[in-house]
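I opened my notebook next to the structure viewer and jotted down what I looked up, one stop at a time. Come along with me.

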Amino acid sequence: SHELKTPLAVIEANMEAMEVANGSEEWKNNIESEITHANKLVLDLLQLAKMDAGGITKSPSELVDLNATISERIEIFKPKFTGKIVFSKKAKDAKRLLPKQDFLQVLDILLDNATKYGDKKISVVLNQNEFIVINDGKTIDKKDLEKIFDRFYQVEYTADINTGTGIGLAVAQGIVKLHSGMNDIFGNATKCT
């Protein structure tokens, strides 16, 4: 509930400003953005609650071309990042029978974090048995690494640039665990970085 206070306060302030400015388009856009933010937060919190209750299930599997799917998602995130996003397609056969919606959710969380905290370059690599997203932002201290999947945990230096809630990686970890470390996607020799 604490995390919901911020987007709701921004919506309220923008509505007041919109009344003064006679419905300015800028204020409408701000309100729409914050409603989207609040909606995503509610969905993430609901997913975490379902995970806790053991009520989350895998999405249906379908044949997915990972190269094409990852490329499409990268295009969506490019406007959020002022640097360069490089995708290395090293998998010989990138078609997999997998729970596409679950994979997309993990991919979006990783790309979102990479664009928030990257500087000039993000590298996305798809090998035969692993999927890696790397940015050139500040390295996370070892003391923080063991906590990054904790709910609502945020590394201290991200406070000034962070628009997140600290639950994205917890959701991603829950999905990965649901799929036995993403073995459903890459087989038994999976490394998820």
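**Entry 1: Lys100.** I started with Lys100, which I found in helix H4. This is a predicted model, so I kept an eye on confidence too, and come back to that below. Is Lys100 buried or partly exposed? I noted a relative accessibility of 22%, so Lys100 counts as partly exposed. I then looked up its contacts: leaving out residues up to four places away in sequence, Lys100 touches Ser59, Pro60, Glu62, Val64 and Thr69. I also checked Ser61, which is 39 residues away along the chain, and found its C-alpha atom 6.4 Å from that of Lys100.

**Entry 2: Thr115.** I stayed in helix H4 and moved to Thr115. Its relative accessibility is 7%, and because the cut-off for buried is under 20%, Thr115 counts as buried. Which residues does Thr115 contact, beyond its neighbours within four places in sequence? I wrote down Phe77, Lys80, Phe81 and Ile122.

**Entry 3: helix H4 as a whole.** I listed the buried residues of H4; among them are Asp102, Phe103, Leu104, Asp108, Asp112 and Ala114. Next I checked the length of H4: at 1.5 Å a residue, its 18 residues should span 26 Å, and the end C-alpha atoms are 26 Å apart, so the two agree.

**Entry 4: H4 against H6.** I turned to the pair formed by helix H4 (residues 100-117) and helix H6 (residues 168-178), whose axes come within 9 Å and cross at roughly 145°. The crossing of H4 past H6 is left-handed. On the H4 side I noted Asp102, Gln105, Val106, Ile109, Leu110 and Asn113, which meet Gly168, Leu169, Val171, Ala172, Ile175, Val176 and Leu178 of H6. How many residues of this contact are nonpolar, polar and charged? I have nine nonpolar, three polar and one charged.

**Entry 5: Glu75.** I made a stop at helix H3 (residues 66-77), where Glu75 lies. Glu75 has a relative accessible area of 48%, so I marked it as partly exposed. Its C-alpha atom is 9.1 Å from that of Ile85, 10 residues apart in sequence.

**Entry 6: confidence.** I promised to return to this. The chain has a mean pLDDT of 75, with 68% of its residues at 70 or more.

Note on methods: Residues are numbered from 1 along each chain as its sequence is written. This is a predicted model: local features need pLDDT of at least 70, side-chain atom pairs count only at pLDDT 80 or more; totals for chains, interfaces and linings use all residues. Side-chain values use heavy atoms; hydrogens and water are left out. pLDDT is the predictor's confidence in each residue, from 0 to 100. Axes are lines fitted to C-alpha atoms, for helices over the stretch in contact, and angles run from 0 to 180 degrees between N-to-C directions. Helices (H or I, at least four residues) and strands (E, at least two) are DSSP runs, numbered from the N terminus. A crossing is left-handed if the near helix is turned anticlockwise from the far one by less than a right angle, and right-handed if clockwise. Contact means heavy atoms within 4.5 Å. Ala, Val, Leu, Ile, Met, Phe, Trp, Tyr, Cys and Pro count as nonpolar, Asp, Glu, Lys and Arg as charged, and the others, Gly among them, as polar. Buried means under 20% relative accessible area, exposed over 50%, partly exposed in between (1.4 Å probe, protein chains only). The expected span of a helix is 1.5 Å times one less than its number of residues.
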